[in-house]
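Subject: Structure handover and notes

Hello,

Here is the structure we spoke about. Please open it alongside this email.

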Amino acid sequence: MTTTVDVDQTAPGRDPAAKPSAPAPRAARRHRLNFTPYAMLAPATILFLIFMAAPIVYTLILSLQKTEVQGLGLGSGARKTVFAGFSNYAAAFSDSDFLASAGRVGLYGLILVPAMLVLALVFALLLDSKRTRLAGFSRVVIFLPYAVPAVISSLLWGFLYLPSVSPFVDLTTALNLPSPDVLSQGSVIFAIANIALWGGVGFNMVVMYTALKAIPTDLYEAARLDGASEIRVALAIKIPIILPSLIMTAIFSLIATLQVFAEPTTLKPLTNSISSTYTPLMKVYRDAFIRNDVNSASATSIIIAVTIFALSFAFLRVVQRRAFQEENS
Amino acid sequence: MRRTIRAAVGAGVLAAALVMTGCSSSGSSNSNDGSLGTADKPVKLTFWGWAPNMDKVVDTWNSTHKNIQVTYVKTDAGDPAVTKLLTAIKAGSGAPDLMQAEYQKIPTLVSADAIIDIKKDVSAETTSKFSDGVLSSVTLGSDALYGIPQDSGPMMFYYRADVFKKLGLSVPTTWAEYADVAKKVHEADPKNYLGTFSSADAGEFAGLTQQAGASWWGSDGDSWSVDIDSASTKKVASFWGGLVEDGVIDNQPQYTPEWNKGLAAGTQVGWVSAVWAPGVLAGNAPKTAGKWKMAPLPQWTAGEQATGNWGGSAVAVTSQSKNVKAAVQFNTWLNTSKTAVSQMVTDGGLYPADTVDSKAALATGNGFFKNQPDFYTQAAKIAETVKPFTYGPNVNVAYSAFNDQFGKAAQAKSQQAFLDAAAQMQKITVADLKNSGFTVK
């Protein structure tokens with residue numbers, strides 16, 4: 001989506017002289033049948049159709065069907081697939097579990113995304129500041145959790161959360177401090193956000209850090225000559241310049257948040273607090289693989305995909321206008 | 001918009017047509033092919049399962065039956081295996097000839113047309129080796145036979161004999177006594193519990209309600225009935241809810257690192273489980289060998305003898321098998337021959353459903369329960385007291401509703417929440433059946 005917008009904006013500006021003369025040769029070329037461009041497009045188009053378009057269309061078709069049963073539903077031919085209209089969608093929207101899971105993920109996003117971005121930004125700025133020692137080592141250490149698969153990190157944290165196997169609880173009992181049950185109903189959402197935060201900060205930090213490294217150093221020198229402190233340089237120069245990277249990481253985090261699945265699914269067997277419909281994607285998984293109802297799972301998938309698309313697009317529209325306005329004009 | 005809908009309908013009809021032709025073609029190949037192969041040109045069969053050391057039993061068959069060669073594929077246990085099979089059935093290919101299926105999954109598999117009726121190829125002598133209770137879970141109360149039972153899981157009560165002795169406690173024979181013992185254990189050391197109510201184990205709860213006389217589903221003519229929220233289930237739910245509310249038993253799920261540690265460290269003093277428990281205890285708490293003892297499940301009325309089932313599987317022939325006769329022959333050998341069932345006991349630690357042919361192997365007892373040499377003799381007596389129970393076509397839905405609803409209830413630690421959870425389970429299960437087009441009474 002963003003790439004097409006970029007092309008539209010930059011193409012005319014790149015070579016303004018070329019535009020008026022363009023129509024004539026293009027019209028002439030159209031008469032000669034030239035297959036070369038189509039042949040060159042073919043591999044990408046075919047792969048796109050098979051691996052992107054076809055599954056989406058198939059999901060759409062599945063979401064409009066349902067399975068119906070005759071009699072006791074035993075024996076061959078007792079089940080058949082019938083057209084269901086939008087009943088799967090209606091069922092999803094009237095399912096209180098699904099709506100609750102959507103609300104939960106909204107809250108999860110409010111906790112996670114700001115924490116993730118602020119932490120990543122602070123780390124990136126610290127690593128970029130001249131006074132930091134062992135910058136390379138720290139960068140690797142902060143980035144390392146990103147290389148750990150979400151299922152593994154959830155298991156790892158799950159062990160740390162369970163009271164009788166957790167070294168933290170051993171420590172708090174040794175110090176006679178109360179040890180809160182992190183997997184209880186009220187705090188489990190923070191426990192999950194913590195795992196995602198641990199795994200995600202490193203990646204976002206590297207993106208921001210790379211953007212910081214691209215800033216020409218003479219800008220800082222000018223500021224320092226004027227007597228600006230490190231904090232002042234960060235707030236007035238660094239952050240405004242890397243704003244596009246901040247927006248990009250925000251969108252990535254937002255999408256990852258809405259798709260949260262691995263962490264709660266891995267923690268689920270360890271606690272009573274996580275239901276099988278804790279997040280929207282967990283409901284899709286339950287419908288498809290536990291209830292064996294691919295049709296309602298497809299409908300929910302489409303709802304989630306459309307929502308993520310709409311939210312990301314809306315977010316881009318809002319921030320892009322603010323962040324890139326000055327650049328474009 | 002209208003055009004897309006029409007296209008979707010078209011695609012739906014096409015898909016349905018494909019499914020139907022798929023069924024009919026496999027159906028005809030089933031009835032036609034009765035060849036049993038020769039040593040030179042053996043029939044090749046595939047068998048999916050996950051029972052421990054089953055590959056060794058299959059090797060024994062392959063070395064003695066050159067005309068039928070079986071390839072054993074170890075799959076993930078339970079739900080993932082069923083998902084895999086149902087996907088292969090929908091795809092039209094890729095399913096094995098034989099499949100290990102837990103008893104509660106059989107109605108689902110039959111309903112999805114994934115496994116077939118093998119009644120005509122199985123002799124009456126074979127079926128006579130199983131108890132009526134076990135057999136009913138593969139006949140589903142009809143004239144058909146959807147599999148040959150492999151092992152069963154009659155429920156029993158396990159306790160730490162050393163802790164009981166230290167505290168001067170006697171083994172509970174009724175649930176009232178169980179509650180009393182639970183209280184004493186917890187009072188003696190607040191870290192210790194006689195057991196836990198696990199919202200992760202729907203099968204265990206189903207077995208406990210089975211003991212109390214519940215049967216969650218029933219069929220009558222062309223309609224199903226759901227009786228999850230029955231008086232018996234309420235009795236069981238309110239009993240455990242009460243114990244959780246009083247805090248005398250734990251409310252955390254089983255099979256977690258926390259629970260495993262509790263077994264090894266001795267904070268879990270008892271376990272309401274099934275005949276296969278020694279394997280779990282030996283795996284999680286090997287150092288407690290010789291400290292545990294097994295007794296019949298506590299009863300609702302003193303002097304009664306009843307139990308439920310938790311776990312156990314049958315082996316079924318899938319609808320994609322092209323060698324049904326050969327598959328049934330292997331299946332019959334696997335689950336009702338002295339060689340195979342004995343090997344299942346010694347190598348796999350299973351409790352075979354065929355107790356006639358496994359008698360000699362079971363007589364040697366269980367290695368983890370050296371302090372109880374008559375372990376399997378007692379187990380056999382308990383197995384005879386399993387009450388009947390009917391599973392329906394949407395056990396998966398009911399079980400996942402159990403996880404969610406009783407998880408909430410266990411977290412709330414309130415007896416009323418346990419009763420509400422049972423009512424919710426009933427509601428969700430019935431709604432799902434109706435939504436799928438079943439007639440529900």
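This is a predicted model: local features need pLDDT of at least 70, side-chain atom pairs count only at pLDDT 80 or more; totals for chains, interfaces and linings use all residues.

**Salt bridges**

Counted over all chains, the structure holds twelve salt bridges.

Start in chain A. A:D128 pairs with A:K238, and their closest N and O atoms are 3.0 Å apart.

Next, A:R224 and A:E230. They form a salt bridge too, with 3.0 Å between the closest N and O atoms. A:R224 has a relative accessible area of 32%, so it counts as partly exposed.

Now chain B. The side chains of B:K441 and B:D220 meet in a salt bridge, at 2.6 Å from N to O. This pair links distant parts of the chain, 221 residues apart. B:D220 sits in strand β5 (residues 217-220), while B:K441 is in the segment after β10 (439-440). B:D220 is at 47%, so it is classed as partly exposed; the cut-off for exposed is over 50%.

Back in chain A, there is a network of salt bridges. Its members are A:D95, A:K283, A:R286 and A:D287.

**B:A264**

One residue in chain B gets its own note. B:A264 is in helix α11, which covers residues 257-265 of chain B. Its relative accessibility is 42%, so B:A264 is partly exposed.

Which residues does B:A264 touch, once neighbours within four places in sequence are set aside? B:A264 is in contact with B:N284, B:A285 and B:T288. B:P286 is worth a look as well. The C-alpha atoms of B:A264 and B:P286 are 7.6 Å apart in space, and the two residues are 22 apart in sequence.

**Where to look**

For a quick tour of the view, take these in turn:

- B:K441 with B:D220, the pair 221 residues apart.
- The network of A:D95, A:K283, A:R286 and A:D287.
- B:A264 in helix α11, with its contacts B:N284, B:A285 and B:T288.

Best wishes

Key
Residues are numbered from 1 along each chain as its sequence is written. Chains are lettered from A and ligands numbered from 1 in the order in which they are written. Side-chain values use heavy atoms; hydrogens and water are left out. Helices (H or I, at least four residues) and strands (E, at least two) are DSSP runs, numbered from the N terminus. Buried means under 20% relative accessible area, exposed over 50%, partly exposed in between (1.4 Å probe, protein chains only). Contact means heavy atoms within 4.5 Å. A salt bridge is a side-chain nitrogen of Lys or Arg within 4 Å of a carboxyl oxygen of Asp or Glu.
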